[in-house]
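Let's take a walk through this chain together. Have the model open and follow along.

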Amino acid sequence: MFENFKVFETEIAGRPFKLETGKMAGLANAAFMASYGDTCVLCTVTASLKPREGVDFFPLSVDFEEKMYSVGRIPGSFQRREGKASEKAILSSRCIDRPIRPLFPKDMRNDVSVVATVMSVDPDCSPEITAAIGVSAAIAVSDIPWDGPTASTSVGLVDGQIVINPTLEERAKTDLTLTVSSTADLVAMIEAGGNEIPDDLMFDCIMAGHEVNKEIVKFIQSIVDEIGKEKFEFESSNPDPEIMAEIEEFCIEDVKKALDTDDKNVRDAALLPIYDAVHEKFDERFEGNEAKLDEIMYLVQKHVVRAWLKDEGKRVDGRGIDDIRPLDAQIDLLPRAHGSGMFTRGQTQVLSVATLAPVSEAQKLDGLDEEVSKRYIHHYNFPSYSVGETKPSRGPGRREIGHGALAERALLPVIPSVEEFPYAIRVVSEVLSSNGSTSQGSICGSTLALMAAGVPIKAPVAGISCGLITGDDGVYGDFMTMVDIQGLEDFYGDMDFKVAGTHKGITAIQMDLKVHGLTPEIIKEAFAKTNKARKYILDDVMLKCIPEYRKELSPYAPKMLTTVISPDKIGDVIGKQGKVIQTIQDQCECTINIEEDGHVFVSGIDVKKAQSAIDIINLIANDPEIGAIYNGKVTRLMTFGAFVEIAPGKEGLVHISKLAESRVEKVEDVVSVGDHVLVKVTEIDSQGRINLSRKDALMDIQAKKAAENN
C-alpha cells in the first residue's frame, strides 16, 4: 500500500534521527515524520497553484502545533482541547520561519503553508529542533522553489563545556540556550539567551552549532538527490526592467530629497506627493494593477538607501556609520506604579512599567515541556499610534509576542532568585513611538523600571541592534555593517542583529535576515560593534539616570516576607477548613501562600503586620521560645488560672499566682475571656504543655523601660 515509503536515518549528538516519507499526509506537496529519540513531529509543506492576487509580499505561514497527547496530558482548558497557539509554540514557529523565509524567491506570490505537528515528546530530544530539520527536509524535496536546505541545532554550555542538543538534565544546568540555523555555508539564524556570556565564547558556541548543521544539511541533501521533485515554475512579480528604469529616472532625485532627513514624519510627508506624481504619470500603463507602482516605489527607495550606505557611507539621518541616535533615560513617570522607566533613542521611545506581586501570581504554563510556571513575565505592546497609523488594537500578534519574549530572555539572567526576592514580577513595555529597534528600547526601559522598583537585579542590561548591507554578489562579496539601525535601514537592509547584555557579557541575541546567511566575519564584526554600543548606553545614559537599584520598594508595592516551616506543620498553619490561615490573614491584613516544601510567603502593604503574620506562623510551626513574651488572647477562665492562646492552636496556662504582682483572689478580678494580655513563656513540660506568666511579662517590660530611661 505504501510503495513510496522511505526511511532515512542518521545520528545527531549521539541520538538517532530519522525521517520517514510516503506513509502520511500524501496530499501535501511533501511531508516527513521527523523522529529524534522518541520525539515525533509531522512536518508538511503545501503551496497554492496560483499566486495570490493583490499582495506585495511572499505569503508564507509557519505553524508549530503542540498536541497535549504528545506528553500524555489532557489540555487544561474548559473545552479540554487545544486552543490558540501557546507563547512557546509561537516562538518555535518564528525560529523555524526565520531561516527558511529568505531562501524562497522574493518575487514569488504563491501561498506556502508549513505545519509542524508535535505528536510525541521525548524530554531529552527537542521537538523544536526536530521540527526545524523535518520542515527543511520537506521543503527541500518538494516541488516548491527554494534555495535550501537548512539545519538547526541547539547549543548549551554546561560547566564551561559546549554541549550539542543538551538533554533535559543538561538544560537544567546550562548557562546558555542557543539555537543556530545554517545553510551549507552560512549561519542563517541565531536565537540565544545566556548568563552573561562573553562575546568570544558566544561566537565559539555559534560556530560549534554551525559545524553540526553542515553535516545535517549534507544528510538532507542526500535525500533530495534521491527523491527530490523538480521545482515548479511560478509567475514572477518583478516589474519589467524597462518600466522600472523609466519610473526610477522620473522620481529618483525627488526620492533622494525626501529620504534625506532624520524625522520620519517629515520623510513620510515628503514622499506622498512623489507617489501621487508617479501614479498620475504611469497609472494608465498599469490599469487594473496600480498597486504595482507602489512596489516599484519601494524598490526605488531601497536602491537609494542601500546605495547611500554602501557607496557613500551615508545614513538617511546624517549619522556616522557607528553613531548612535540621541539617547534619553527617565524613571518614576507613573506615581502609583511600582516602578517605571522610559528609554528614548531618536524617534523610538518605550515606556516600561514594573509590577510586583506575591509569588502565587506567577504565570501557570500549559505546554509540552517541564516548565509549569514562571515568576518573571515580560509583555510588549505595539499600538498603531506608535507608527502614526490608525489600525484598531486586536491584541498582541506574533511579532509582539516575539519581542516580549526577547526582552524577557535578556533580563531573566539578572533577575534575583525567589529566595533573594520573593516576588512575582511583571514588566510591560509600551511602545510610544517607533522608528527602529523598539525591542532593544524595551530592554533598556525595563532595566530602568526594575531598578526604580527596587528589584535587586544582578546587573543592568542594555540592548542595541546592528544592520548589514551586502554587495550585488551577496555576503561573499563586499559588505558593511552599521550600529543602531532605524526603521528605513531595517526595512531596506539585509540584517537586524539584536544583542542585549551587561558589562560582563551577552544575555540575549535575536537575528533576523533577508539574505541567505552570515559569514563568521560578519558575526564577529556585529559582536564588536554591539559590545561597544551596549556599554556606552549603560555607562553614559542608563546608569547616569539611576546608578543602582533602589533599596526600598514603592509604598504601593506589597511587602514580602518569607519563612520556612516543616512540611509536617503546614496543616497546623492552614487549620481545619483553612480557618487558622484565614484568621491570620484577616488579623494581619496580608496574603499568605505556602508551598509544598514548607516555604511560606507573606505579602502586605504594612510590613509590620506582615512580620506579625510571620511570627504567628513560626509560633504555630515551632515550639514557643522559653523566656519570650507574646501578646495572647484569654480563651478560658478556671478557678486556678486562665488559659491564653498565644497563636492559633497554641494555648498555655497562666496560673492564678502568675496573673499579677499582687495576690489575686479570683481570676475574674484580673482578666476576662477575650482580653488580650502580654505573657511570658516560663516552661514547656515533657508533655508539651506551656506555662505562662503575666506577672513576669509585666516585670520584664517595666525593667526594660527603667533601663532605657537611665
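**A walk along the chain**

Start at Glu-196, which sits in strand 10 (residues 187–197); strands here are DSSP runs of E with at least two residues, helices are runs of H or I with at least four, and both are numbered from the N terminus. Glu-196 isn't a glycine, yet its phi is positive, about 55°. Its relative accessibility is 15%, so Glu-196 counts as buried (buried means under 20% relative accessible area, exposed over 50%, partly exposed in between, with a 1.4 Å probe and protein chains only).

A word on what you're looking at: this is a predicted model, in which local features need pLDDT of at least 70 and side-chain atom pairs count only at pLDDT 80 or more, while totals for chains, interfaces and linings use all residues. Residues are numbered from 1 along each chain as its sequence is written, and side-chain values use heavy atoms, with hydrogens and water left out.

Now zoom out. The chain has 15 helices and 29 strands, and its C-alpha atoms fill a box of roughly 115 × 65 × 45 Å along the principal axes. Of its 710 residues, 52% count as buried. Take the contacts (heavy atoms within 4.5 Å) with a separation of 6 or more: 70% of them are between residues 24 or more positions apart.

Next, helix 5 (residues 241–259), where you'll find Ala-245. Ala-245 has a relative accessible area of 45%, so it is partly exposed. Its C-alpha is separated by 65 Å from that of Pro-555, 310 residues away along the chain.

How do helix 5 and helix 6 cross? Their axes come within 9 Å, at roughly 165°, so the two helices are roughly antiparallel. For these angles, under 35 degrees is roughly parallel, over 145 roughly antiparallel, 65 to 115 roughly perpendicular, and the rest oblique. The crossing of helix 5 and helix 6 is right-handed. Among the residues making the contact are Phe-250 and Cys-251 of helix 5, and Leu-271 and Ile-274 of helix 6. By class, this contact has 12 nonpolar, no polar and 4 charged residues (Ala, Val, Leu, Ile, Met, Phe, Trp, Tyr, Cys and Pro are nonpolar, Asp, Glu, Lys and Arg charged, and the others, Gly among them, polar).

Stay with helix 6 (residues 264–282): its buried residues are Arg-267, Leu-271, Ile-274, Val-278, His-279 and Phe-282. An α-helix has 3.6 residues a turn, so residues three or four places apart point the same way. The buried residues of helix 6 pack against helix 5, helix 7 and helix 10 (487–492). Helix 7 (residues 291–312) has buried residues too, including Lys-292, Glu-295 and Trp-308. After helix 7 comes Gly-313, with a positive phi near 65°.

Further on, the axes of helix 8 (residues 398–411) and helix 9 (residues 438–453) come within 9 Å and cross at roughly 45°, so these helices are oblique to each other. Their contact includes His-403 and Leu-406 of helix 8, and Ile-443 and Leu-450 of helix 9. The contact residues of helix 8 and helix 9 divide into 6 nonpolar, 7 polar and 1 charged.

Two loops are left. Pro-149 is in the loop between helix 2 (127–141) and strand 7 (151–158), and the peptide bond from Gly-148 to Pro-149 is cis, with omega near 10°. Glu-589 is in the loop between helix 13 (579–588) and strand 23 (591–594). Phi of Glu-589 is positive, near 50°, and at 54% relative accessibility Glu-589 counts as exposed.

Conventions: Axes fitted to C-alpha atoms, helices over the stretch in contact; angles between N-to-C directions. Left-handed = near helix turned anticlockwise from the far one by under 90°.
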